[in-house]
Every structure is written in structure tokens, then in C-alpha cells.
Amino acid sequence: MSLLEIRDLRVTYGSGTSAVPAVRGVDLTLAAGRKLGVAGESGCGKSTLALALLRLLPGSARLSGEILLDGEDVLTMKWGRLRAVRWAGASVVFQGAMHSLNAVHRIGDQIAEPVLVHGRATQGAARRRVGELLEQVGLPASRAAAYPHELSGGQRQRVMIAMALACDPRLLIADEPTTALDVMIQAQVLRLIEQLVSGQDIGLLMISHDLAVLAGTCDRLAVMYAGRVVEEGPARAVYDAA
Ligand code: ADP
Ligand code: ADP
């Protein structure tokens, strides 16, 4: 069984004459521990696809099709089950504004939150887990006491990755994880993501408008256009054909 199987996924924002079909029948498969990149120009539906995977879309979005995570359909699962699947089944690294770090809380407390709430850990265990996660993403455990503004953009993105990995997800969804960063830092963060998912056998679904970024990190690439996948195959072949 595949880790993730998306079948005929359709997402429409709004209804009637103002309806915007954002995803228009997408089929994609990702095996455990593999890395799939989804490329395409701005507005083609990549973020909508990423957010749909955990039902994180606004209420105005209507979804149909199937999103099977380890064989279980995310679209029809009960609310309580969905809460458990978020973070532990699949987790997301976002690029910026949405779900970003909270300016008034120490980063250690923010990383601890999913561990405490979703992983049901004790305070002591959560603190230890935070130190371990920070070290995994290349930051000293002592940075747990820092506030987001005390870190660089690249370090903040490392914190977001630590948070996404907090509950040992089977699938990591990364939506433009390096878009806001300088080129040098971008390469470091990409290498970190690749190294972490490979080492822990986590499936990666990475979204980017930049095909070169995906080709360097992923095994397979899908290219979207106007809500559909128009090209899919081994990363090298798709990249060379583009
Ligand atoms: P991408 O991530 O590839 O840039 P998006 O998934 O953000 O594409 O957007 C796909 C389409 O859906 C675009 O036409 C966009 O304007 C529209 N869209 C995205 N989010 C919303 C929303 N919350 N409400 C209405 N339309 C939206
Ligand atoms: P809340 O304040 O209720 O947590 P959010 O909009 O931040 O609202 O998140 C909505 C839901 O998505 C919550 O169940 C939250 O736990 C989950 N969630 C938020 N960020 C992530 C993430 N990076 N990975 C997985 N699930 C997430």
C-alpha cells in the first residue's frame, strides 16, 4: 500500500457564478520514504493541493475525490481521527505567513506544543524532545529560549521543520519551504530536509514553483497546470524535458 494516494481530487472555492476550480482532477501516488515534487506556475493549484491533504482549507472550499493516507481517506475521516492524523500522520512546513511562528512565544514552547497536545507528552519529556529536535535541525538546544525575531530567516525555517517533525510524521508536506530565503541558505535548508526525511524514512511531498529546486531534492516530479497534473515521472526525466 502506498503512503499517499490521491485519486481524482477536485477542489473548488466558492460556488455558483463565482466558483473557482483550483484543483481539477488530480491523481498522485507517493510510496513510503520517497520524495515527490509538485511544480507549476503561481495559481495552478499547488498550495490548494497541499492544504487539502490535511483538510486545512478555508470553509469556502469544496472537495471531492479521495486522499488515502496509509489507506485511510482523509476527506471522509471523523474529526477526532483527523486531529490525530495532523502532525503524527502528516505534517506541513509552510513558507511564511500562514501557520508561521508566533512572535510573542519562545520557539521552544512553540515546538513543544504539538508534542504536548498531539503527542500527549509530559512537560519534561516535551522539553527533552524540543532539545533533540533543535539539534536535529542544526540549532543548539539552548535556542529553545529564543524568540522568533532573534533568529535569522533560515534559522526560523529550521524551527518550522523541527516543529513539523515533532510528532514523527510519516509524511512531510513542504509548501515552498525555501522560497523566502537567500540562495545559499535555501540550499542548506533543502539539504537538511532531504537528509531528515531520508534518515527517518519519511515520505516527502514538496511544492515549489522552481523546478530546479525540486529536481535536486525529489525522486519524482509532477508538473501542474491550471489545476491538473500535466506531466509526471522520474525527476531527472521531467526536469530535462522542461
Ligand atoms: P499555487 O499554490 O499554485 O500558487 P493556489 O492553490 O494558491 O495556487 O491557487 C489556485 C487557484 O485558487 C488560484 O486561482 C487562486 O486564486 C485560487 N485560490 C486560492 N486560495 C483561494 C481562496 N482561499 N479563495 C478563493 N480562491 C482561492
Ligand atoms: P489552531 O489554532 O486551532 O491550531 P491552526 O489554523 O493553526 O488552528 O491549525 C488548524 C489545524 O491544523 C489544527 O488541528 C492544527 O493542529 C493543525 N496544524 C497546524 N499546523 C500544522 C502543521 N504544520 N502540520 C500539521 N497540522 C497542523
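Modeller: Helices here are DSSP runs of type H or I with at least four residues, numbered from the N terminus. This is a predicted model. Let us start with K46, which sits in helix 1 (residues 46-52). K46 has a relative accessible area of 7%. Buried means under 20%, so K46 is buried.

What does K46 touch, apart from its neighbours within four places in sequence? Its contacts are V38, A39, G40, E41, E176, I207, S208, H209 and M224. The one of G40 is 2.8 Å from the side chain of K46. The one of E41 lies 3.2 Å from a polar atom of that side chain. G119 is another matter: K46 and G119 are 73 residues apart in sequence and 29 Å apart in space, C-alpha to C-alpha.

Now the charged pairs. Side chains of opposite charge can pair when their charged atoms come close. The model has 10 salt bridges. One of them joins R10 and D8, at 3.0 Å from N to O. R10 is partly exposed at 38% relative accessible area, and D8 is partly exposed at 35%. Another joins E72 and R81, at 2.7 Å. Here E72 has 30% relative accessible area and R81 has 40%.

D240 and R236 form a salt bridge too, with their closest N and O atoms 3.4 Å apart. Both residues are exposed. They are separated by about one helical turn, because they lie 4 residues apart in helix 8 (residues 235-241). Finally, salt bridges link E5, R7 and E66 in a network.

Terms used
Residues are numbered from 1 along each chain as its sequence is written. Chains are lettered from A and ligands numbered from 1 in the order in which they are written. This is a predicted model: local features need pLDDT of at least 70, side-chain atom pairs count only at pLDDT 80 or more; totals for chains, interfaces and linings use all residues. Side-chain values use heavy atoms; hydrogens and water are left out. Helices (H or I, at least four residues) and strands (E, at least two) are DSSP runs, numbered from the N terminus. Buried means under 20% relative accessible area, exposed over 50%, partly exposed in between (1.4 Å probe, protein chains only). Contact means heavy atoms within 4.5 Å. A polar contact is a pair of N or O atoms within 3.5 Å; within protein, one must be able to donate a hydrogen and the other to accept it, and residues adjacent in sequence count only if both atoms are side-chain atoms. A salt bridge is a side-chain nitrogen of Lys or Arg within 4 Å of a carboxyl oxygen of Asp or Glu.
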